[in-house]
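Colleague: Hi! Could you walk me through this one?

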Amino acid sequence: MSINIVKELANDTVAPRQAYCDALIEMAKEDARVVVLDADLIGALGVKPFQKAFPERTFDCGIMEANMIGTAAGLSATGFIPFAHSFGTFASRRCYDQVFMSCAYARQNVKIVGSDPGIYAATNGGTHMPFEDVALMRTLPGATVVEPVDSLAVRELVRMAKDTYGVWYLRFPRKNCVKIYEEGTTFTYGKANRLRDGKDVTLIAAGYCVAEALKAADILSAEGISARVLDMFCIKPLDGEAVLAAAKETGAIVTAENHNVVNGLGSAVADALAAGYPAPLEKIGAQDVFGEVGPTPWLAKRFGMTAEDIVGAAKKAIARK
């Protein structure tokens, strides 16, 4: 495993949706089984270049997400590797029974992409703000749930999804994110990436909250507190070994996620701790509430997902040792 992270946090110059489309095109050139399904969002999700390059392998299913998933399952059953995408709310909630029955229960090889998870939905508001998609998808037996943090992670994890049989759910923003990884970074299925070492507390983050966790680690360091930071990009299967090592070696855990704290990353980590090595745990994320309308930075403050919130949670966890 090779992990190279940026020296200073800044906005990624490549949009996640561009990285997604580029990866699809590269894979389609190599493998005739790769096909793309869309729910009338080809422009919004940036896959027009794929449609232009492979029109016979691009299927616009219209605003009928359940039908799109059923079609993807059928394509899988005939040997294709379908990538089906929509906004996170529609790729998870709206078509969940089809994902369960036609894909997971039927042991199909379907890759589902939910874009603009959580506060990335911004001004689309609460109806379009998935704080529950991870909760739904991680309950599917055998499913894989991943959250790439930037464009490089999107590129690598989309390729990993293509090469790993089964139902996958990938959640990431369409347009803007913070760049975390440099070229040369590798991702291992089911293993967290350690971005920073520390001995007093471990910050386990995914997606939007990874950059905030790194900022929080800097703030804590200035106060004499050493914080380990893990990018738990693979939420299911969870890297239980990394969680238990963090509990034993740092004695306190904070999870940070752009999702409901109920049945998301925090709950997965809590399960691992309860089964293996109990340690104080504080959960950062939406506290069992619905989404709202607003720009992403404002929503991060509204739902307590900022670096300052993580710092406060870290101090609480440490005090509970």
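Colleague: What should I know before we start?

Modeller: This is a predicted model, so local features need pLDDT of at least 70 and side-chain atom pairs count only at pLDDT 80 or more, while totals for chains, interfaces and linings use all residues. Residues are numbered from 1 along each chain as its sequence is written, and side-chain values use heavy atoms, with hydrogens and water left out.

Colleague: Great. What is the strand order in the open sheet of 7 strands?

Modeller: The order is β3-β2-β4-β5-β7-β6-β12, and the pairing is mixed. Strands (E, at least two residues) and helices (H or I, at least four) are DSSP runs numbered from the N terminus, and two strands pair if DSSP finds at least two bridges between them.

Colleague: And which strands are at the edges?

Modeller: β3 (58-60) and β12 (234-236), each pairing on one side only. From one strand to the next, the twist averages 20°.

Colleague: How many bridges are there between β5 and β7?

Modeller: There are 5, in the parallel sense, between residues 111-115 of β5 and 168-172 of β7. K111 has W168 in β7 as its bridge partner.

Colleague: Which strands does helix α3 touch?

Modeller: Helix α3 (residues 65-77) packs on the sheet against β2 (34-38), β3, β4 (81-87) and β5. Its direction makes about 170° with that of β4; axes are lines fitted to C-alpha atoms, for helices over the stretch in contact, and angles run from 0 to 180 degrees between N-to-C directions.

Colleague: Is S115 buried or exposed?

Modeller: Buried, with a relative accessible area of 2%. The cut-offs are under 20% for buried, over 50% for exposed and partly exposed in between, using a 1.4 Å probe and protein chains only. S115 lies in strand β5, and leaving aside neighbours within four places in sequence, S115 is in contact (heavy atoms within 4.5 Å) with L45, S86, F87, G88, F172 and R174.

Colleague: Changing topic: how much space lies in the largest pocket?

Modeller: About 450 Å³. On a 1 Å grid over the protein atoms alone, a pocket is an open set of points with protein on both sides within 12 Å along at least five of seven lines, a cavity is a set where a 1.4 Å probe fits but cannot get out, and lining residues have an atom within 4 Å of a point.

Colleague: Which residues are closest to the centre of that pocket?

Modeller: Of the 22 residues that line the largest pocket, those are Y120, N176, C177, Y208 and T296. Helix α8 gives the most to the lining, with 4 residues.

Colleague: Last topic, the backbone. Where is the cis peptide bond?

Modeller: It joins K236 and P237, with omega about -5°. P237 is in the loop between β12 and α9 (240-250).

Colleague: And what is the phi of D116?

Modeller: About 50°, a positive value although D116 is not a glycine. D116 sits in the loop between β5 and α6 (133-138) and is buried at 7% relative accessible area. A122 is found in the loop between β5 and α6, has a positive phi near 50°, and is buried at 14%.

Colleague: Why flag those?

Modeller: Because most residues other than glycine have a negative phi, and most peptide bonds are trans.

Definitions and conventions. Points joined across faces, edges and corners; volume = space filled by probe spheres on them.
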